[in-house]
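Visitor: I've never looked at this one before. Could you walk me through a few spots in it?

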Amino acid sequence: MAAGEPTQEFPTRAALRRARLAAEQARGEGTLPEGQPRSQGAIPPVSEGAAQPVSEGATQPGSQGATQPGSQGAEPRSQGAAQPHGQGIQARGQAAQATLQAEPARPGAMLPERDEFDDVAELAPLFPVVGPLDLPADPLPGAPVVEPDAALASAENEGLAVPVDQETPQGAPAPGVPAQGPSGERAAGGQARGPETAGDDVTSTDAPSTGTPTANIPTEPAPDQEPGTTGAETADAAAGRGTFLRPEDEALPPTRGMRGFLSRIGFSVEPSAEEKEERQWRRAIGQRLSAPRTVSVVNGKGGANKTPTAVLLAAVFGRNSGDPVLAWDNNGTRGTLGWRTVQASHNAHVMDLLHAAPDLMGTTAGDPAINAYVHYQPEDRYSVLRTDPTLLASEQNLTAADFDIVHAAASKFFQLSIVDSGNDESAERWLRMIDHTDQLVVASTTVEEHAEAAALLLEALANRGGRYAELARNAVVIVSQHQQNGNKDQLARIASGFRRLARAVVTVPFDPALVKGRIRYQALRPATRRAWLEAAAAVADGIS
């Protein structure tokens with residue numbers, strides 16, 4: 001189009017279809033007789049210079065003196081005057097628009113069988129005007145079929161400019177929507193619909209919408225969402241994926257054996273299964289206690305390994321727990337706990353603590369005050385409350401009330417008290433010990449008499465019922481091999497028999513460091529240390 005020429009508006013396809021539909025309706029009502037020729041002057045003459053060149057120097061066929069078909073007496077086209085391409089397009093559009101403005105129902109005027117305005121659609125690609133979306137008649141194989149309404153909604157969702165036809169009268173179908181006949185049936189391409197009658201409570205789905213068109217168009221997945229999954233499924237998958245962080249046991253390098261050697265010289269290796277298990281036991285033992293707890297080591301038979309059991313449990317807890325630990329000798333007949341542990345710079349024992357208990361329980365007594373009555377073990381980091389082996393049993397006898405006083409003082413300064421009981425199960429101090437017990441530990445060896453005495457004790461407590469039965473069911477049995485060349489089958493047989501009576505059973509191999517003298521945890525063999533670590537972990541499960 002030449003510069004300075006006025007802008008020409010062209011009719012849309014929807015306006016052309018409505019003009020044709022009105023003419024056909026007029027013909028059906030008899031206004032336009034079938035076959036009557038068009039009246040003269042129905043189409044205004046085409047302006048000069050309307051010839052559209054096909055190529056450079058060529059004129060439109062029939063341009064020499066030819067008139068527009070059906071318009072008699074119209075001025076001839078310019079002979080051989082090849083006008084610019086835009087001027088020819090403008091002239092043809094003016095002719096089509098003038099035809100639409102003519103009266104279609106005037107007598108003598110008749111539209112031809114062929115829609116002669118279809119050629120106006122050929123002009124659409126030449127103008128930068130976005131019109132209604134034209135969808136292909138036959139979709140590609142496998143492509144989803146989208147209705148025209150859905151196409152318009154999709155175009156708006158994607159930010160495309162979809163113009164509104166200003167010439168569309170109210171109530172007329174929107175562009176791209178199939179027309180609906182008088183009987184309520186939709187044209188081809190739409191869904192069939194039956195007639196509606198007055199009074200029928202029918203909700204029409206074809207009513208014009210005042211908001212944004214909606215369509216059932218599949219939404220694209222989020223950038224972090226896999227195709228074919230919903231947001232909820234993605235969230236569930238993220239919640240159940242686990243963690244990328246390595247467990248604590250695997251993050252720490254091994255420290256023992258060949259794996260520890262390879263780790264120290266720079267190789268990246270994981271700890272063995274045994275080392276991982278021992279780390280789990282240490283974590284269980286190292287849990288801080290929320291309140292003071294009492295563990296009682298019992299067996300009515302002498303020599304059943306009660307004292308070594310109390311000492312080594314206290315040593316394992318002292319080494320692996322931050323809580324203060326006390327090993328308490330509750331044997332009135334010359335208990336050996338003091339002999340098998342380190343003695344401090346004083347000779348205090350349980351009877352001295354009983355007499356000083358009122359002062360220790362006062363508000364002015366601090367933690368250091370207890371050090372004058374107990375014997376601290378610096379290597380294994382626990383304390384010992386001894387008896388006096390020089391005194392007769394009658395001289396250091398504790399009643400139930402006395403035991404309560406000593407127990408209260410011990411619980412003030414120590415979170416864990418491991419009590420080494422005597423052999424007299426009828427003594428007041430023994431019975432009162434059971435009343436204060438939170439975890440029962442039954443010590444035994446592979447000697448049949450020791451094992452039988454331990455089993456009878458568990459059965460007697462279970463028969464008493466109540467809290468005694470609960471202590472028996474939750475008991476931990478520790479069976480130690482008493483001979484260097486002991487029978488392993490016998491150890492396994494005894495341990496198997498206790499599993500029906502107690503919560504946990506741990507077997508300990510023979511170790512010469514436990515035969516006599518002071519007991520030091522570090523002096524034990526690795527297998528023995530591992531066994532006592534397992535035993536302490538089983539006890540910790542009952543008091544945590």
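Predicted model: local features only at pLDDT ≥ 70, side-chain atom pairs only at ≥ 80, totals over all residues.

Guide: Residues are numbered from 1 along each chain as its sequence is written, and side-chain values use heavy atoms, with hydrogens and water left out.

Visitor: How far apart are the end C-alpha atoms of helix α10?

Guide: Helices (H or I, at least four residues) and strands (E, at least two) are DSSP runs, numbered from the N terminus. The expected span of a helix is 1.5 Å times one less than its number of residues. Helix α10 covers residues 400-413, 14 residues, so it should span 20 Å. The model agrees with that, as the end C-alpha atoms are apart by 21 Å.

Visitor: Which elements do the buried residues of α10 pack against?

Guide: Buried means under 20% relative accessible area, exposed over 50%, and partly exposed in between (1.4 Å probe, protein chains only). In α10 the buried residues include D402, F403, V406 and H407. Counting contact as heavy atoms within 4.5 Å, the buried residues of α10 pack against β1, β2, α9, β4, β5 and α11.

Visitor: What kind of aromatic pair do W328 and F403 make?

Guide: Rings of Phe, Tyr and Trp (its six-membered ring) pair if their centres lie within 6.5 Å; planes under 30 degrees apart count as stacked, over 60 as edge-to-face and the rest as tilted. A search of the whole structure turns up one such pair. Its rings, from W328 and F403, have centres 4.8 Å apart and planes at 15°, so the pair is stacked.

Visitor: How many residues apart are W328 and F403?

Guide: W328 sits in strand β2 and F403 in helix α10, so to speak two distant parts of the chain. Both residues are buried.

Visitor: Is F267 buried or exposed?

Guide: You'll find F267 in the loop between α6 and α7. Its relative accessibility is 52%, so F267 counts as exposed.

Visitor: Which residues join E278 in one salt-bridge network?

Guide: A salt bridge is a side-chain nitrogen of Lys or Arg within 4 Å of a carboxyl oxygen of Asp or Glu. E278 and R530 meet in one, at 3.1 Å from N to O, and that pair links helix α7 with helix α15, 252 residues apart. Salt bridges that share partners join E278 to R256, E277, R282 and R530.

Visitor: D380 forms a salt bridge with R319; is D380 buried or exposed?

Guide: The closest N and O atoms of D380 and R319 are 2.8 Å apart. R319, at 24% relative accessibility, counts as partly exposed. D380 has a relative accessibility of 4%, so D380 counts as buried.

Visitor: What separates the C-alpha atoms of A454 and S444?

Guide: A454 is found in helix α12 and is buried, with a relative accessible area of 0%. Leaving out residues up to four places away in sequence, A454 touches N299, V442, A443, S444 and F498. A454 and S444 are 10 residues apart along the chain, and their C-alpha atoms are separated by 6.7 Å.
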